[in-house]
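Here's a quick briefing to read alongside the model.

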Amino acid sequence: KLVGYLVEEDIQVVSICGMGGIGKTTLARQLFNHEIVQRHFDGVVWVCISQQFTRSYVWHTILRKLSSKHVGKNMTEEDLQEKLFQLLETSSSLIVLDDMWREEDWDRIKPVFPPKKGWKVLLTSRNENVALHVDPKCLNLEESWTLFR
């Protein structure tokens, strides 16, 4: 079902949330490495967010892993944002944002995502409010439990 969300559905962000140690990252890693997911996207990127992330680190990591061109470490955030926006606008990419803690962290990262729908984000968080902030459409408790089982 989750693979379908990533490759078939008209959903931009798929969030996995729950308390620490429940297996969010393990499930995300299985999706990230799934053969159908790997074949579907032009590029796939895994970025660990955590509590001490910086926007430039996240953007630089995504660009470095998606682009075969050399990415300078001294690029400004404006340059990073522009290059990433152009890249995501013209390719099909999956970006895993693992362990996002705060709603405002998403708000700081999201300017690189164009309205064109070639990209997908798989997000993990301990905070349900982060998942709801990013995309308020989610499975209810019964649907989540069924999927979990």
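Throughout, buried means under 20% relative accessible area, exposed means over 50%, and partly exposed is in between (1.4 Å probe, protein chains only). By that rule His-133 is partly exposed, with a relative accessible area of 34%. Keep in mind that this is a predicted model: local features need pLDDT of at least 70, side-chain atom pairs count only at pLDDT 80 or more, and totals for chains, interfaces and linings use all residues. Residues are numbered from 1 along each chain as its sequence is written, and side-chain values use heavy atoms, with hydrogens and water left out.

**Around His-133**

- His-133 sits in helix H7; helices (H or I, at least four residues) and strands (E, at least two) are DSSP runs, numbered from the N terminus.
- Leaving aside residues up to four places away in sequence, His-133 touches Glu-103, Trp-106 and Asp-107, where contact means heavy atoms within 4.5 Å.
- Glu-104 is 29 residues from His-133 along the chain, and their C-alpha atoms are separated by 9.1 Å.

**Nonpolar cores**

- A nonpolar core here is a set of buried Ala, Val, Leu, Ile, Met, Phe, Trp, Tyr and Cys residues joined through side-chain atoms within 4.5 Å.
- The largest one has 26 residues, and Val-58, Leu-97, Trp-106, Phe-113 and Val-121 have the most contacts inside it.
- At least two residues of this core come from each of strand E2 (43-48), H4, H5, E3, H6, E4 and H7.
- H4 gives the most to this core, with five residues.
- Another core, of 17 residues, lies apart from it, and includes Leu-31, Phe-32, Val-37 and Trp-46.
- As background, nonpolar side chains tend to be buried together in soluble globular proteins.
- Back at Leu-97, its contacts are Val-47, Ile-49, Val-58, Trp-106, Val-121, Leu-122, Leu-123 and Thr-124, not counting residues up to four places away in sequence.

**Helix H4**

- H4 has twelve residues and reaches 17 Å from its first C-alpha to its last, close to the 16 Å expected at 1.5 Å a residue; the expected span is 1.5 Å times one less than the number of residues.
- Val-58, Trp-59, His-60, Thr-61, Ile-62, Leu-63 and Leu-66 are buried in H4.
- The buried residues of H4 pack against E2, H5, E3 and H6.

**Salt bridges**

- Searching the whole structure turns up six salt bridges, each a side-chain nitrogen of Lys or Arg within 4 Å of a carboxyl oxygen of Asp or Glu.
- Glu-35 and Arg-39 form a salt bridge at 2.7 Å, N to O. They are four residues apart in helix H3 (residues 35-40), so about one helical turn separates them.
- Both ends of that pair are exposed: Glu-35 has a relative accessible area of 53%, and Arg-39 has 59%.
- Glu-77 and Arg-55 also form a salt bridge, with the closest N and O atoms 2.8 Å apart. Glu-77 lies in helix H5 (residues 77-90) and Arg-55 in helix H4 (residues 55-66), so the pair ties together parts that are 22 residues apart in sequence.
- Glu-77 is partly exposed at 30%, and Arg-55 counts as partly exposed at 22%.
- Asp-99 and Arg-126 meet in a salt bridge at 3.6 Å, N to O. Asp-99 lies in the loop between strand E3 (93-98) and helix H6 (103-109), and Arg-126 in the loop between strand E4 (119-125) and helix H7 (128-134), so the pair ties together parts that are 27 residues apart in sequence.
- Salt bridges that share partners join Arg-102, Glu-104 and Asp-105 into one network.

**Aromatic rings**

- The structure holds three aromatic pairs. Rings of Phe, Tyr and Trp (its six-membered ring) pair if their centres lie within 6.5 Å; planes under 30 degrees apart count as stacked, over 60 as edge-to-face and the rest as tilted.
- Phe-32 and Trp-46 are an edge-to-face pair, 5.4 Å centre to centre with 80° between the planes. This pair links distant parts of the chain, with Phe-32 in helix H2 (residues 24-33) and Trp-46 in strand E2, 14 residues apart.
- Phe-113 and Trp-119 are a tilted pair, 4.6 Å centre to centre with 35° between the planes. Phe-113 counts as buried at 10% relative accessibility, as does Trp-119 at 6%.
- Ring pairs link Trp-106, Phe-113 and Trp-119 into a cluster.
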